[in-house]
Number of protein chains: 2
Amino acid sequence: MIEDRRLQVLRAIVEDYVQTQEPVGSKALVERHQLGVSSATIRNDMVALEDEGYITAPHTSAGRIPTDKGYRMFVDRLAEVKALSVPERRAIETFLTGAVDVDDVVTRSVKVLAQLTNQVAIVQYPSLTRSTVRHVELVGLDGSRVLVVVITSSGRVEQRTIDLGQVPPDNLLVDLKSRIVRATLGERLPDASWRLAELIETFEPADRPVVSAIVTTLANMFSNEKSDERIAVGGTGNLARFGADFDTAIRPVLEAMEEQVVLLHLLGEASSGTTVRIGHETGHEGLVGAAVVSTTYSPDGDSLAHLGTVGPTRMDYPSTMAAVGAVARYVGRILSEG
Amino acid sequence: MIEDRRLQVLRAIVEDYVQTQEPVGSKALVERHQLGVSSATIRNDMVALEDEGYITAPHTSAGRIPTDKGYRMFVDRLAEVKALSVPERRAIETFLTGAVDVDDVVTRSVKVLAQLTNQVAIVQYPSLTRSTVRHVELVGLDGSRVLVVVITSSGRVEQRTIDLGQVPPDNLLVDLKSRIVRATLGERLPDASWRLAELIETFEPADRPVVSAIVTTLANMFSNEKSDERIAVGGTGNLARFGADFDTAIRPVLEAMEEQVVLLHLLGEASSGTTVRIGHETGHEGLVGAAVVSTTYSPDGDSLAHLGTVGPTRMDYPSTMAAVGAVARYVGRILSEG
DNA sequence: ACTGGCACTTGCACTCCTAGAGTGCCAGTT
DNA sequence: AACTGGCACTCTAGGAGTGCAAGTGCCAGT
């Protein structure tokens, strides 16, 4: 099939270009790959590929380089899954196993992922939205202030201090706490918010102000997206691979890496599976030239969080995807066990 | 005084070089500054300055640039304090005032400092070691596990879950908590650790295992330096100013910025006042070419934390020092008030 | 102690040129 | 119809050569 060979050519171009970082010409192609035809034939195929927008020539007498569309095709239909080597896997495992708490796991994941891929690694802290309520605690502090603590199944502890404006009767806090626990324990955070709303009406009108203040705070904490927003970034030193021109290639990426909102958007809303976003697909001006490989991991066998890498579009997609996937699995496993 | 004029020449060289980024020659110097002598005279002074190691010539027919020693002299004896403009000050104040919690204050400080100085900004989270204990809470979770919460005067909340190995009698936790609070409330963290140690012996031998487990954890939390290690970094996009060569100039800095230990060391142990470290003075291989301006701020009128900037040695020291100082003052004030 | 002048050095920007890589196309072959 | 070999053409990277401008060091003169 001619179609078939054209795809082989595209694959070869992507592979060679990723490796050499230089435009690849027809002659080099027949030399390095067993395509069984002459360079002239390859040239014809290349013209076709260029017409279809998969590759482009920087200038007349240079070879071709893949376009975003070309990489996309490569990732979707041509890339062969490349498994991580055993030493690599073992390295991930032992390095992550040494972690002492959730934060440490995340920090280490970023490091190992950056090292493995030679790219910029980003790891989202375990998300709250799908975790369940493991414990709620109300602590009366001095005067009218109350400390509200929530522990989730993902091991996160959120706390907040609020001022009720009045000193609550001591037993009210105890009573309220036990009712809150009864209503929300084991519930997912969004569901728990609903249960709380129903709770208010079961109290004496006199107690309502206090109850409502606390319950509102709790509901906020449950639906608070801020904890979802914590993201660790590492391996920015690898940005050298983006190219020489700092202002057009590197600076935008560095700036994007400092914006939580952008990072979250990059990691994406993918429900599961490994996602690749190439160049313009990232939806960010400064990230043409960059590609994002992201996936989800599951800190407690149920809820979801994201992690991934940012690298130049001319990256080794199979390896990167393998590394991202592997780290995600190990992180998920270790967090579930811990 | 000849000595005097030489210093003026050095000052002029530093100022011009910082502004133009190009080696400055004797002729340009007499044109731009009112030195009252001819370029030939300046040349003689330059030779002297070069002999003493304050300036150096990249090659025979280029102007001179300051050495680390030259910058050091400039900072120590020549720099005139440059006050921040009123709009700048107001910008800092309003931007920081909008913060909702400690983390937010730190995040915003990094941003504003980076923007103000056009450099990489680093801000240490408020330190625990000098803060005092504001509250301690013990919460029995399911089974034998206990949640230990500490709130400090700097507004930080630390928590940890431990497994006692046995289910503690309920009243023991209550009793223990009240005794701990009585012993440590208002104490500085290191002192609080001592008080805890004394506490163990006041309990029944039967309760000792539980008490000791909890107390040890608490003591760990008090003396835990990990919270001291949290540092926010921002403005890495400004690294462009370091120069064109990524691998020798930028990458080492980026890598240093990812190492908490290095950052802590850079911010330094200075007890107070603004410190400048130039090139090799930073004590880090990759940071020749970089200078660190750091100072302390006081989150609660007593304890200390650090913040500062990292920039190329050819930076505008007076402005940077002014900005660092100003941000430190505002951050300290806002945290004390909050 | 300072100045003007001068010979000397050096990097930079510019032009010019060539070698090499790669292309597109076409006529010929299977 | 698909492939191939050959050829003329295009373009860039890199080297050599050149003139210019900036800057220096030194010295004799004020």
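**Notebook: chain A overall, then Ala48(B)**

I looked up burial in chain A: buried residues make up 42% of its 338 residues. A residue is buried if 20 or more other C-beta atoms lie within 10 Å of its own, exposed if 12 or fewer, and partly exposed in between, with C-beta atoms placed from the backbone.

I noted that this is a predicted model, in which local features need pLDDT of at least 70, side-chain atom pairs count only at pLDDT 80 or more, and totals for chains, interfaces and linings use all residues. Residues are numbered from 1 along each chain as its sequence is written, while chains are lettered from A and ligands numbered from 1 in the order in which they are written.

Next I looked up the domains. Chain A has domain 1 (2-76), domain 2 (86-125 + 230-337) and domain 3 (130-226); such bounds come from an automatic or database domain assignment. Between the C-alpha centres of domain 2 and domain 3 of chain A I read 35 Å.

Along the principal axes, the C-alpha atoms of chain A fill a box of roughly 90 × 40 × 35 Å.

Last, I turned to chain B. Is Ala48(B) buried or partly exposed? Ala48(B) counts as partly exposed because it has 15 C-beta neighbours inside 10 Å. I also read 8.4 Å between the C-alpha atoms of Ala48(B) and Arg6(B), which are 42 residues apart along the chain.
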